[in-house]
Amino acid sequence: MGLKDTKDGTSLPRPSGSFSKATPPPQEIDVVNSYSLKRTSDSFSDGEKVEKKPGGWRAVTFILGNETLERLGTIGLLSNFMVYLTRVFHLEQVDASNVINIWSGFTNLTPLVGAFISDAYVGRFKTIAFASFATLLGLVTLTLTASLPQLHPETCNSKDPVSCGGPNKLQFGILLLGLGFLSIGSGGIRPCSIPFGVDQFDQRTEEGIKGVASFFNWYYMTFTIVLLITQTVVVYIQDQVSWVIGFSVPTGLMACAVVMFFAGMKLYVYVKPEGSIFSGIAQVVVAARKKRKMKLPAEDDGTVTYYDPPVKDSVLSKLHRSNQFRFLDKAAVIIEGDLTPEGIPANKWRLCSIQEVEEVKCLIRIVPVWSAGIISLAAMSQQGTFTVSQALKMDRHMGPNFEIPAGSLSVISLLTIGVFLPLYDRVLVPFFRRITGHKSGITLLQRIGTGIVFAILSMIVAGLVERMRRIRSINAGDPTGMTPMSVFWLSPQLILMGLCEAFNIIGQIEFFNSQFPEHMRSIANSLFSLSFAGSNYLSSLIVTTVHRFSGGRDRPDWLNKNLNAGKLDYFYYLIAVLGVFNLVYFWYCARGYRYKVGLQMGDFEENKSFSDVEMSSEKQLK
């Protein structure tokens, strides 16, 4: 059984030995389900690598509980943290925004380190256990900054908090220490919780495969519930009751999470670390460089022999050699002295398998598309910073007695996602499917590109609404800068941002998880976190640059602490312009992208309906 290319009719045989003669490579990467491959007896080494425990849903319950409560603590903190920094620590909005962006960026970088440590050294259980204690320590530290008078600036009764005295070095240092512990905790829990949950199911059985699919559904459902709780209940407690109680509740829940996680120890399946895939990536690069002077024929004529052994049992699909980035193929070319008499590489830094080479190609192929998502995520990050600053100067009342917390406005984006996704799945996908013939209505890259467009539109609308707010506030003449304008005027930009999330973020998650080899999905999750890190640092750079250079002489800068004196709308327009350039860059990167196709991906038909954004050839299984 082989894969046949409907365009040229060539058949791709499966590898059966330690090496194979070069055959004309296919136009695309073909994926063969490894469950259908005949395995040699030495390929099954589960007894050596996995210590079997009961596992299953009983174990997953404890893992989901730990992950859910960890996010409840960290996201509950971030949702209203802009208000905390300006009202309690008396920071200017630019400084508060930079603190949030830099901390969020660092937090989204740490999962890459956590994934490496887990895979290479200590395993997922120990990584999550250590990270849970770090998260708890961070929440305790931040709760102390709110509860102990010595750890935050003196209370100020001024209606303009930024006119009060700011924190001293000790107070600010303790604040950063708490945030640092939270970052360490997130770096261990976020990249490991999903793989550790998947470890509890035997994916070689139908029941295990169904369990994994159900686990993902429960994971994202609990994540949505966490967002709704943090954006409403926790924010309300912090804003209207007490910051001490508002921080103590997540801290107490995190303590319960640690107890819950260790309570399930006897139920878990523990997979021992097999070594980091980063070393495999480095080996491919080094091996290709050592053979850089080797000349490969322009067209394969059977004179070159490639190392193509059966894949490990932990690898769920087999990748065949592709035409892209052929300079890396040299790493898999067998020359004299590369193989031992047993047929294995004498030096892994001189000879790699075709599978390892193709996995590196997957990374190279995805990176340009990944980089294009950073600016659109930078637009999203404004929800937790300057949108909150706008809301604080607007009428947030619903009725005579209830005032909406400024940090809860992002619930509008969540509700948009909740309403739109069923509509998209049940109505829009069938509609587009009839037009395009694509089974998903539109392709993954088209979905991501649509999200980028919504990010641009949200910034344009945000600029228009801010201009209207500033004019009305100046005309009202309130000395505190309050605007006789409902906070729900911010709804259009938040709705557009929700649509951006529904298309862009969910599209990116699906894109990374489908285009990476299965055993590299921990990197896929880390890469997605890295997107947020890049967007946070980009936002901080833009904010700092605009704040420093947009003003001059007697003219205040765009991001002045007095919103009415500044030009926040210009800042939004600047991000929109950057978004337009980013859209062009994304189109250029995506138009020639080759999807990973085959059994596990389904049949992708050639589709050029989105300005020729992507080009892929149809494969059929014979």
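Guide: Leu69 is buried, at 16% relative accessible area. Keep in mind that this is a predicted model.

Visitor: Which helix is Leu69 in?

Guide: Leu69 sits in helix H2, residues 56–79.

Visitor: How far is Leu69 from Cys256, in sequence and in space?

Guide: Along the sequence they are 187 residues apart, and their C-alpha atoms are 8.2 Å apart in space.

Visitor: And Cys256, buried or exposed, or something in between?

Guide: In between: Cys256 has 47% relative accessibility, so it counts as partly exposed. Cys500, by contrast, is at 0% and counts as buried.

Visitor: While we're on cysteines, how many disulfides are there?

Guide: Zero, from a search of the whole structure. The criterion there is a pair of cysteine sulfur atoms within 2.5 Å.

Visitor: OK, helices. How do H14 and H17 cross?

Guide: H14 covers residues 444–476 and H17 covers residues 568–590; their axes come within 8 Å and cross at roughly 165°. That makes H14 roughly antiparallel to H17, because the angle is over 145 degrees.

Visitor: Left-handed or right-handed?

Guide: The H14 and H17 crossing is left-handed.

Visitor: What kinds of residues make up that contact?

Guide: The contact of H14 with H17 has 18 nonpolar residues, four polar and four charged.

Visitor: What is the end-to-end reach of H14, and what would be expected?

Guide: From first C-alpha to last, H14 reaches 48 Å over its 33 residues. That is close to the 48 Å expected at 1.5 Å a residue.

Visitor: What follows H14?

Guide: Gly477 comes after H14, and its phi is positive, near 75°.

Visitor: Where is Ile471?

Guide: Ile471 is also part of helix H14. It counts as partly exposed because its relative accessibility is 37%.

Visitor: How far is Ile471 from Asn564?

Guide: The two are 93 residues apart in sequence, with 8.1 Å between Ile471 and Asn564 from C-alpha to C-alpha.

Visitor: Another helix pair, then. At what angle do H4 and H5 cross?

Guide: The axes of H4 and H5 (residues 124–147) cross at roughly 135° and come within 8 Å.

Visitor: What does that make them, and which hand is the crossing?

Guide: H4 and H5 are oblique to each other. The crossing is right-handed.

Visitor: Where in the fold does His90 sit?

Guide: His90 is in the loop between helix H3 (81–87) and helix H4 (93–122). Its relative accessibility is 6%, so His90 counts as buried.

Visitor: What about phi at Phe325?

Guide: Phe325 also has a positive phi, near 50°, and is not glycine either. Its loop runs between strand E8 (317–319) and helix H10 (354–371).

Visitor: Is that one buried or exposed, or in between?

Guide: In between; Phe325 is at 26% relative accessibility and therefore counts as partly exposed.

Visitor: Last one. Which helix holds Phe420?

Guide: Phe420 lies in helix H13, residues 411–436. At 13% relative accessibility, Phe420 counts as buried, because the cut-off is under 20%.

Note on methods
Residues numbered from 1 in each chain as written. Predicted model: local features only at pLDDT ≥ 70, side-chain atom pairs only at ≥ 80, totals over all residues. Heavy atoms only, no water. Axes fitted to C-alpha atoms, helices over the stretch in contact; angles between N-to-C directions. Helix = DSSP H or I, 4+ residues; strand = E, 2+ residues; numbered from the N terminus. Parallel < 35°, antiparallel > 145°, perpendicular 65-115°, else oblique. Left-handed = near helix turned anticlockwise from the far one by under 90°. Nonpolar A, V, L, I, M, F, W, Y, C, P; charged D, E, K, R; others polar. Buried < 20%, exposed > 50% of the residue type's maximum accessible area, 1.4 Å probe, protein only. Expected span 1.5 Å × (residues − 1).
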